[in-house]
Amino acid sequence: MKSYKVAFIWFLVIAMFAVMNIPSAPVYAFSARDLLGQTTGASIDDNVKGVSSGGGLADLLLGLLFGKLFGNILNTNADSSKDVGSSSAWLSGTGTKEIAGFYAEWWGEDTSSYKDMVSHTDVLKTIIPFWATLQEDGTVTERGGNDHSSVVKTAHQNHISVLLMVNNATEGKTATPIHTVLTDPALRTKAVDSIETYIKKYDLDGINIDFESVPAQDRNQLSAFMKELSARLKPQGYVISIDVFPKQDESNDIAMAYDYAQLAKSADKIMIMTYDYHGSWSDAGPVADVRWVENCLRYALQFIPKNKIYLGIAGYGYDWSSKGVESLEYQPIMNLVQRFNVPVLWDQSAKSPHFSYTGTDGITHQVWYENKESLQYKLDLVNQYDIAGTALWKLGEEDPGYWQVFKDKLLKK
């Protein structure tokens, strides 16, 4: 260490002892982020405004001594080129993010989600099994699948929480069964009863509501249902979560029923389904264009606390042709690349891989999908906006390379 650095440290030590003789004042723990916010008067975070420890000069000198100055002097390998005062630096999040995975079994012997779960217990913190459907009469019916108790036991042994995913029936006596339930207070209560019975039966940790195609006019009723569900289950220690359609304003009928601000009052976790930007209803294109994903996230952050937001992550892709549109998992997509020996292209703007091939029948196909490269840009948003984590749809169909990217990007020590 150079002599001037040693001399400077001794100067600071002497200053510290001098400060210790100043009459005592209340001292509270604070970070460099808090310190800079207080001394400059800048509003660094909407949740931390006008905070003062009351320690005055003592706090300031002690903070500088043991904080930034010592760090800069002693850590000669630090990157001094970073502009830590920039807005983007303060926006970026730090620390471990939660990684949740939707868990689905499409047929009796489908164990892909289970195998994925047990293979990644070091990364996965929550599974959301798609086991139940809310019917028009307020009852919850089984969707089938493998032994639920065994799955829950394995998850809990590996410190993975389990949230029951309940979707809404799409067929019933009326055209929109979910409208019938949501608009009838008695049926809403029955639905809450049914959900409570189910999660207690299998010793689950909470609930994940996945009500889709909810009529726009039922916006207030959906919020009321979530409030009632939360009032019943949250005092018992259960986690309340809901999946919502992404949006950038309130003009889209298909997403209008999700009142982000009201739902955030009831839910602990809100999974934004930021995928299917293109799908069976559209021309070929990226499944999750990163620009669209970011815009949807920015809009949600106006209404939902960032520590409740989970970014939806797709593990699949779509194959478009004149025969229609087919949803494909990652491995079958790679099989097409190999079988037809076609190059995978990269859309730089959307941050998405894609390719085209001509089938044996002479029909041309376009395939857009998600892989470990496109995932990196989504996870950068998770860190940049410092949200709670991600929710992968679904376990067992993604690029196996996802898991190392999850570790590298979200599981910071």
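In this predicted model, Tyr330, Phe340, Phe355, Tyr357 and Tyr369 come together as one aromatic cluster. A search of the whole structure finds 21 aromatic pairs, and a corresponding search for salt bridges finds 16. The protein is built from 15 helices and 14 strands, and buried residues account for 46% of its 413 residues.

**Overall architecture**

- Of the contacts in the protein with a separation of 6 or more, 74% are between residues 24 or more positions apart.
- The protein exposes about 20300 Å², and carbon and sulfur atoms supply 53% of that area.

**Lys97 and its surroundings**

- Lys97 is placed in the loop between helix H4 (87-91) and strand E1 (98-103), and with a relative accessible area of 6% it is buried, because residues under 20% are counted in that class.
- Leaving out residues up to four places away in sequence, Lys97 touches Val382, Asn383, Asp386, Ile387, Ala388, Gly389, Leu410 and Leu411.
- A polar atom of the Lys97 side chain lies 3.2 Å from the backbone oxygen of Ile387.
- Lys97 also forms a salt bridge with Asp386, in which the closest N and O atoms are 2.4 Å apart.
- Since Lys97 belongs to the loop between H4 and E1 while Asp386 belongs to the loop between helix H14 (372-384) and strand E14 (389-393), this pair ties together parts that are 289 residues apart in sequence.

- Asp386 counts as partly exposed at 21% relative accessibility, whereas Lys97 counts as buried at 6%.
- Lys306 likewise forms a salt bridge with Asp386, and here the closest N and O atoms are 3.2 Å apart.
- This pair links distant parts of the chain, with Lys306 in the loop between helix H12 (290-300) and strand E8 (309-314) and Asp386 in the loop between H14 and E14, 80 residues apart.
- Lys306 is partly exposed, its relative accessible area being 23%.

**Lys234 and Asp268**

- The side chains of Lys234 and Asp268 meet in a salt bridge, with a distance of 3.4 Å from N to O.
- Lys234 lies in the loop between helix H9 (219-233) and strand E6 (239-244), and Asp268 lies in the loop between helix H11 (260-266) and strand E7 (269-272), so the pair ties together parts that are 34 residues apart in sequence.
- Lys234 counts as partly exposed at 29% relative accessibility, and Asp268, with a relative accessible area of 25%, is partly exposed as well.

**Lys200 and the salt-bridge network**

- A network of salt bridges links Asp193, Glu196, Lys200 and Arg232.
- Lys200 lies in helix H8 (residues 185-201), and with a relative accessible area of 41% it is partly exposed.
- The side chain of Lys200 makes a polar contact with the side chain of Glu196 at 2.9 Å.
- When neighbours within four places in sequence are left aside, Lys200 is in contact with Gln236 and Tyr238.

**Aromatic rings**

- A pair of aromatic rings is described by the distance of the centres and the angle of the planes.
- Among the 21 aromatic pairs found in the whole structure is that of Trp106 and Phe130, whose ring centres are 6.2 Å apart and whose planes stand at 85°, so the pair is edge-to-face.
- The pair links distant parts of the chain, 24 residues apart, with Trp106 in the loop between E1 and helix H5 (112-119) and Phe130 in strand E2 (residues 126-134).
- Trp106 counts as partly exposed at 41% relative accessibility, whereas Phe130, with a relative accessible area of 11%, is buried.

**Charges over rings**

- Lys247 lies over the face of Tyr260, at 4.6 Å from the ring centre.
- The charged end of Lys351 sits over the ring of Tyr377, at 5.3 Å from its centre.

Technical notes. Residues are numbered from 1 along each chain as its sequence is written. This is a predicted model: local features need pLDDT of at least 70, side-chain atom pairs count only at pLDDT 80 or more; totals for chains, interfaces and linings use all residues. Side-chain values use heavy atoms; hydrogens and water are left out. Helices (H or I, at least four residues) and strands (E, at least two) are DSSP runs, numbered from the N terminus. Buried means under 20% relative accessible area, exposed over 50%, partly exposed in between (1.4 Å probe, protein chains only). Contact means heavy atoms within 4.5 Å. Accessible areas come from the Shrake-Rupley method with a 1.4 Å probe; for residues, only the protein chains shown count as cover. A polar contact is a pair of N or O atoms within 3.5 Å; within protein, one must be able to donate a hydrogen and the other to accept it, and residues adjacent in sequence count only if both atoms are side-chain atoms. A salt bridge is a side-chain nitrogen of Lys or Arg within 4 Å of a carboxyl oxygen of Asp or Glu. Rings of Phe, Tyr and Trp (its six-membered ring) pair if their centres lie within 6.5 Å; planes under 30 degrees apart count as stacked, over 60 as edge-to-face and the rest as tilted. A charge sits over a ring if NZ of Lys or CZ of Arg is within 6 Å of the ring centre and within 35 degrees of the ring normal.
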